Amino acid sequence: MIARPAIILQPAGLAISQANVIVKYGEYTYWSYTPSSNDLVLVVVAFDSNNQEVKRWEVPGYRYTIDIGIDNQNKTVVFYMWQKVGVFENGSYPVSFTWEQLKIN
């Protein structure tokens, strides 16, 4: 993980998440977004070194990423969501992607 740079990459129709970190994996950088329409969809976008979008993942039912974590033991990237779901408090609901799922090549 690295701190989010001052220049915000914001594809059309997406609003940047509140998370102040992004994930660097190989030559790609991964950002978290919510649709500007405020739909319940977590959108993760991978950008190459030229800031070009190369791949996008969408997970319905979630929005407002407030933090991103790396779980080295389970080889996952965890997006912590703001909303309350089940027994999780606001701001603690985890949505995980395996490293393999986020692999570009």
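**Aromatic pairs and a salt bridge**

Mentor: The structure holds six aromatic pairs. This is a predicted model, in which local features need pLDDT of at least 70, side-chain atom pairs count only at pLDDT 80 or more, and totals for chains, interfaces and linings use all residues. Residues are numbered from 1 along each chain as its sequence is written, and side-chain values use heavy atoms, with hydrogens and water left out.

Trainee: Why is the pair of Y62 and Y93 called stacked?

Mentor: Rings of Phe, Tyr and Trp (its six-membered ring) pair if their centres lie within 6.5 Å; planes under 30 degrees apart count as stacked, over 60 as edge-to-face and the rest as tilted. The centres of Y62 and Y93 are 5.3 Å apart and the planes at 15°, so the pair is stacked. Y62 sits in the loop between β6 (53–60) and β7 (65–71), and Y93, 31 residues apart from it, in strand β9 (residues 93–98). Both Y62 and Y93 are buried (under 20% relative accessible area; exposed is over 50%, partly exposed in between, with a 1.4 Å probe and protein chains only).

Trainee: What makes the pair of F79 and F97 edge-to-face?

Mentor: The angle between the planes is 85°, with 5.6 Å centre to centre. F79 and F97 are both buried.

Trainee: How do you know that E53 and R56 form a salt bridge?

Mentor: The term requires a side-chain nitrogen of Lys or Arg within 4 Å of a carboxyl oxygen of Asp or Glu. The closest N and O atoms of E53 and R56 are 3.0 Å apart.

Trainee: Why is E53 called partly exposed?

Mentor: Its relative accessible area is 36%, so E53 is partly exposed.

How values were computed: Helix = DSSP H or I, 4+ residues; strand = E, 2+ residues; numbered from the N terminus.
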